[in-house]
Structure formats: structure tokens, C-alpha cells
Amino acid sequence: MPLHASPPGGLKFHGSEQPINQRTSYNVFGNNTAEFSGYFDIEFNLSLYPRTEFGYILRIKNKESNRIYNLFYDGQGGNLVFKFNEEGKSNLIVASMDREELLNMHWFKMKISFELKSDSIKLTIHNQTFGAENKNLPDTYHPIILFGKSDHIIDVPSFAIKDLSIGSQEKYMFALNESKGNIVYDIGGEAIGEVSNPEWLVNDAYHWRYKTSFKSKSVAGANYNSEKKEIYYFNRDSLYIYNVRSGNTNIKVFQEKCPVKPILGTNFIDEQHNKLYSYEAYYAPPQDDYDGPTVASLDLDTYQWTPESSEQLTSPLHHHGSYFNPSTQDYTIFGGFGKMHYSKDFISYDLNKKDWSTVEGFTGDFLSPRYFSSVGYYKNTNSIYIFGGMGNESGEQTVGRKYYYDLYKIDLNTRHISKLWEIPWERDNVVPVRGMVILDDSCFYTLCYPEHFTESLLKLYRFSLKDGSYQILGDSIPIFSDKITTNANLYYDSMLNNMYAVVQEFDDDISSDLKVYSLSFPPLTAEELANYSREKNPYRWAVIILSCLLATGISYVVYKRVRPKKQSNVEEDIQSESIPATKTETTTLSNAIYLFGEFTVRDRNNRDITYLFSAQLKQIFCLILEYSTTEGGIASQRLSNILWPDKPADKVKNSRGVTINHLRKVLSELDGIELIYDKGYFKIEQTAEFYCDYSRCMEIISTSEIETYRDELIEIVSRGKFLQLSDHPLYDSFKEEMEKKLEPVLLLEMEKSFEAELYQATIALADALTNIDPLNDAALTFQIKAMQRLKMNDEARLRYQTFIVEYKKVMGTDYPHPYKSIN
């Protein structure tokens, strides 16, 4: 691990982007008492996620009084605003901070200081301190510290904390680097607090997190701009811009097409001048009889293209390595394959002179011709490193190729080549991706994969610069490498402490899919991740505190009180009715596929493998599942007609076979589910080991005693709208049929729960109905009445206002029933 890298970890809070019962709540001390005299500090590192941009970060109670303080965050304006309040009374501190500075830091310091003797409170954010005086604080404080959702406070932003410390001379210290579970430990290994709905960020240092994907029907290129935190995916007509910080995607349609006709989509970025360069080394005659520009630049402020050069090289140079030197404004490529030859040349493009030239005058060790090499530039020594690849000493393809596992250093000041090492390789042969990440003089990172398999896996390697010893870090990323144009790249952002893998897969050397993945830095091995499980430690950094239970919010307590039976009894009743009992904790089940809300898949180890489902795999899975439920399966011909209506029969058969095999492979990561083919029909078969919320929902609503399973049904539909983010027309009939069966059940159960004075259940069922029909009068009426019964009058009025705005937008007229008529 590089010396400057901080340990991975942190606790991420699910905010208002999730249903209320899935938002994160963390009670630091639980039911135990901590006591401070004179002063105490609450200090932690904070990371903000723009997905939800306002809400309460924490609340501070005092066991000896009714005074409550809270920290509110509002990121909706030009600056980030933090407000420290005495809850229900007044605002004490307003801190306005620079948006770009804080968001690009990823982690920044937060500190709240209670100066009990001087009756003052200070709020420190990054490097600025704000204060409030004369607050009449007690001399001794017994704080109850709650992060995220608590009591009636349900508006929570998306944020994460780590390195939490609380105290004065003696401190309670929490690294918050657990990998699983709801118990929170101090740095001495003592169980102190508890958290509900946690997302432990240490897992993001091992599991690649799928972020987004794009598709282009024409040749496209991709790159990452670390200055702007943006991934670009562009073709001649348009540019997709994905911001890795916010998760937002913008599309820019060019006023004039890219002047360069793309063949390979090769490109580079000059961050200093905010430009993206598209280039093609070679156009093969006669089919590519082309005399237009070969290099063009895109201004990333105006999105205007400028032709730069029409010079061509003598070969296409597939899978060449490259690096950009911003100080000299030179972009240099190395190696590559074309015209039955492997290259060993360094060819440089001068951005100022706008021409290509072969770099001569190298001395030192022989560097054999090759392609599929990984190249990295290390600014501190003005050197480049070249790792691995395939080729041979002669450069002639007919001689045959060998895989290289060697590393060369090229001193750009002297142009001297030094072979640093060559290591024996006993695993399957692999090639590295184009990008190499070098952070210091100890090691480098790159992705490697066996390119000679159709369905392959990318793995992250860390190699020692000194001797070639290596470790495999993180889990794997799928890649389909049939086409020579398929490629992947690795990027590192030092401000966000993240690595990004960009995988571009071609079906026909023209159309391509781009997938983006992220991994927290520094990455972990499987063994290192396992070490984050906790054990007791006899040495403590703070006062001994007993393990505690999380003090849950008021709404959750009310909901639990109105449940007619404990979960264990419900499960016994379900089993007695011959309907398979199933847990309803939707965020923790393994061997599970969720179709309500965001499509989610968790494997037998409870790892999120949703990213393995491409858009087409998701479509074919849902189709087969739908027909398995309603008709006992789908005929292969019907499946082909739906998914590949315009393809010839021979190509459809091949595409169907490849896709089915891939789906079977992905489903093999789960137990209790199998895709089978029987008598011309494909169908999904499930056993009790496997959980699907759609299948379970169908079982519940088909029984004659739905009321018995009402709580479980609420857990299912509270995840969100059925196939919420799936807008393809292929899903329409599936969604329509599901909602057609579900709506009358929800309506009836909502009425019954209200009559039984189960008001939280009524509110949840009304929310689910609104997902189906946003203008459902009955859902509005029962929800408002239930809120009024629970004294949630402000929430009720807000719900009404939201409804009438939507009603006016859709219907074009005002809603005819005033709020006061609903009682």
C-alpha cells in the first residue's frame, strides 16, 4: 500500500432516496451513558453524496434535559450550507462552504466542540471554524448521539462518516471499518453501538461497484477526466458525460460531427487545456479510402470540434500503449499490432506542431515488439513503465507470439531503457489493459485478463516495481473479449480515493457497450477483507461500555407495536398454510433477486452481483420468469421473436444460445434457482433456498388470507415501484399484469389496516398504491387520515400539497377536494 493511502472503510448512510424503513440510523452509545465535564468534542470525517442533497446528519440529546441539537445539511444551492440548530427553537450557526472544494475532497473534517464552561459551541468544517456564544450549557453532559434517521426525523441526506471520536481527554474512538453486521466496535475491539441499514464502505475496497453503462451503434471511444470527475463516451454525433461524483449523466449532441472518422475510437485528454483528442493512426485502403482529418480536438467547454492533423501512420497499431506528458504537450504511443507485425516503436504526437514523429535514440536493454502492453507515466522521475503484453523478438506475426511478464523503465531525460525484471508465470496466460496506475516508486496497479476466452474476467493486480512480486486485489469484472476492438482501462482519482474501470465491449467491431465500475482505494485482498471481522480486545481506548441496542425511531416503534404477531409466529403460520416462509429483510438476504424498486441480485455470499446482469440478461430473465409464473414457461421461438425480431434465424439461434448460457452462468452464483429447457420451453425453477420478491408477492396475493401476511407484503412493496428503473417496452406487459393483480389487494388491505387502527401499515400501503397510480384518491385519503391519527399533521399537509401539484400537472385543472374535507 502506498504510504500516502489512508485505510479503507467508513459507514455510508442511506438517505431520503430510500424508503423510510431502509434509511440508516446509528446510535453511537445505545442505551448506555457517557459523561463529559468541562468540554467534549464530536469529530469525524464526512463524505457527501449528491444523490440526496439535504437533511439531518446528526442529533445530540442530553439525558439530563430536553434540549436537542442537530446538524442540518443543504446542498441544493451554489454553496454547501451546514446549519447547527437547537431543535425546535433556533438556528445557532450557519456555515456556507465552497461546493467544489468539499465534494472533490471526498473526505473532509467535521468537528463539533461543546465548551461547557464557557457556554459556547464551535463547528469546524475542513479548515474553517464557526461559533455560537452564551448558550447556557450544563457543566456536565450525558450525550445521546444519533447519526441519520432517528425518532420522527426521517429526512436524511446521502453521506458517509469514518474515524469518529467523541470525548475530551479520554475519547471514544471508532474507525467504522466493519465489513458486515449491525454492531459497531471501538478501535479496541469493544462492541459499543448499533446501526440499522448500514452500508460498510470497506467492502467497496474489495467488491467492484457497477456504476453505469452506455451503448453506441457506431464506433465510440471512452476516457476519464480526473480534473472534472467525468467519464466520456463519444462517437461522431454525441458525447455521454458521466460524473462519478454525482452519478449524473449528460448527453451533448454535437452541432457538427467529429471530423475524424472513427475506426478504433482511440483518444486522449489534455486536462490542462480541457480538451479531448480523437485520433486514428491508420485507414486501410481501399475500403477506408479516407483523406480527412486523423486527429481532432474537442473543447470540453464549448463541445466544438477542431481538426488538428490529417497525417497517417503506416499501420493501425491495435492495442498500443500510450501516455501523455502535459509538460511537453506530447502524446506518445508504444507498440501495437497491424499488417501482420508487432511494433516496438515510440511514436509521438506534438500538440503544438500538430504532427507525428518516431522517437529515436534509445539506449540500454532490448524491448521486444509487442501489443496489449500496459504503459504508465511517473512524473516524479519523468519516466514511463511498460509491462507485459504479447509479441516476439522479430515482430513477425508468422513466427508466433509469446506472453510477456516483464517490466521496463524508460528514462525520458536520457532515453535509456532498463529491464527491471521478468517473472515466471504459472497461471493462465493474461494480458494487461492499456492503463497503469503508478502512485509512488514502490508499485503499480493494472487490470489483467485472459483475452483468449470469450467470457473472461478482469482482475486487479498490484506489482512491485522492485522485483515483480504481486497480489490480486478485489473481486473480478466480467468482460467479453471476442472482438479485437474490445478493450478496458484503469484510472485513479487521488481526490476521490477511487479507482475506475471502464470496459468497452464490441459485438461487431462497430457497435459497443461501455460499463463503468469503481473500487475504493486502497484496494484489499480477500484475506484482508476477512480480517475486518471483529474480535474482542482486552485493551480499551475509552471508558468500558456495555454492548447496546439501537434506540429506534418513533415511526418504527409505532409500526412494530401495531404488528399483530412477532415475525417468528408469522413464519410458523405461513408454513402451516403451505406457503414457503421467507425472510423480509430486503437488504440482507442472500440468494435473492429483487424486482420491486431497483433491480438487485445478491449471491450465495450476500454479495451484490447486479452488475453481472447486462440490459439483455435482465430482459431475458424477466421474460422467462414472467412466463414461468403465468404459463409454465416460454417457447424458444417466442423468446427469439421478442428479443431478436429482425435477425435471421441462424444468427438468432446463436445469439439465443450465447445469452442463455451467460444467464445460466450468472444464476450459478445463487443457490435454489435454475434455468431449465424442457420440451421446447425455457422456465425458471425455484426452491426454498432462493428468494424472489416478485414470486413471494404472487404467492401472498394469491392466498385467501392476505391479512395474515400483510406485514411481509408491506416489506416487499415498500422497496418501490415494480421494475422501477426498467423503462424498456419489453417490460410493459409484465409491469401491467403485476400492478393489475396487486392494486385491488393493496386497496383492500389499506382499508382493513385503517379500520384496525394500524396506521403505519395504512401509510405504507398507500405509498405502494401511489407507486401504481399517483392520482389515486383513496390512497391520498387514507394516508392523510392515518397521518392525522398519528399526529403527523405537517407530513399530512405536505402529502396533500404534493398530490395537488401532481394532479394539476396531469389533469390540467385544480384538485376539487380541499384539505379540510379529508378527516
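**Close-up views of a predicted model**

**Figure 1. Surroundings of Leu595 in the predicted model.** Apart from neighbours within four places in sequence, Leu595 is in contact (heavy atoms within 4.5 Å) with Phe621, Cys622, Leu625, Cys692, Asp693, Tyr694, Lys721, Phe722, Leu723, Gln724 and Phe734. The model is predicted, so that local features need pLDDT of at least 70 and side-chain atom pairs count only at pLDDT 80 or more, whereas totals for chains, interfaces and linings use all residues. Residues are numbered from 1 along each chain as its sequence is written, and side-chain values use heavy atoms, with hydrogens and water left out.

**Figure 2. The nonpolar cores.** A nonpolar core is taken here as a set of buried Ala, Val, Leu, Ile, Met, Phe, Trp, Tyr and Cys residues joined through side-chain atoms within 4.5 Å; buried means under 20% relative accessible area, exposed over 50%, and partly exposed in between, with a 1.4 Å probe and protein chains only. The largest such core has 127 residues, and those with the most contacts inside it are Leu595 and Phe621. Helix 11 (residues 759–772) contributes the largest share of this core, namely nine residues; helices (H or I, at least four residues) and strands (E, at least two) are DSSP runs numbered from the N terminus. A second, separate core consists of 53 residues, among them Phe44, Leu46, Leu123 and Trp200.

Figure 3. Strand 48 (residues 592–594) runs parallel to strand 53 and is joined to strand 53 by two bridges, and Ile593 stands opposite Cys692 in strand 53.

**Figure 4. The salt bridge between Asp151 and Arg59.** A salt bridge is counted when a side-chain nitrogen of Lys or Arg is within 4 Å of a carboxyl oxygen of Asp or Glu, and the structure holds 32 of them. In the pair shown, the closest N and O atoms of Asp151 and Arg59 are 3.0 Å apart. Asp151 belongs to the loop between strand 13 (143–148) and strand 14 (158–167), while Arg59 belongs to strand 5 (residues 54–62), and the pair thus links distant parts of the chain that are 92 residues apart. Asp151 counts as buried because its relative accessibility is 16%, and Arg59 is likewise buried, with a relative accessible area of 1%. Salt bridges link Arg59, Lys61, Glu87 and Asp151 in a network.

Figure 5. Because Asp493 lies in strand 45 and Lys229 in the loop between strand 20 (221–225) and strand 21 (230–234), the pair ties together parts that are 264 residues apart in sequence. Both Asp493 and Lys229 are buried. Once neighbours within four places in sequence are set aside, Met495 is in contact with Asn104, Met105, His106 and Lys229. The C-alpha atoms of Met495 and Glu227 are separated by 9.4 Å, although these residues are 268 residues apart along the chain.

**Figure 6. Ser520 in strand 47.** Strand 47 (residues 512–520) contains Ser520, which is buried, with a relative accessible area of 19%. Not counting residues up to four places away in sequence, Ser520 touches Leu201, Asp204, Ala205, Asn497 and Asn498.

**Figure 7. The salt bridge between Glu631 and Arg638.** The side chains of Glu631 and Arg638 meet at an N to O distance of 3.7 Å. Glu631 is partly exposed, with a relative accessible area of 48%, and Arg638 also counts as partly exposed, because its relative accessibility is 41%.

Definitions and conventions. Two strands pair if DSSP finds at least two bridges between them.
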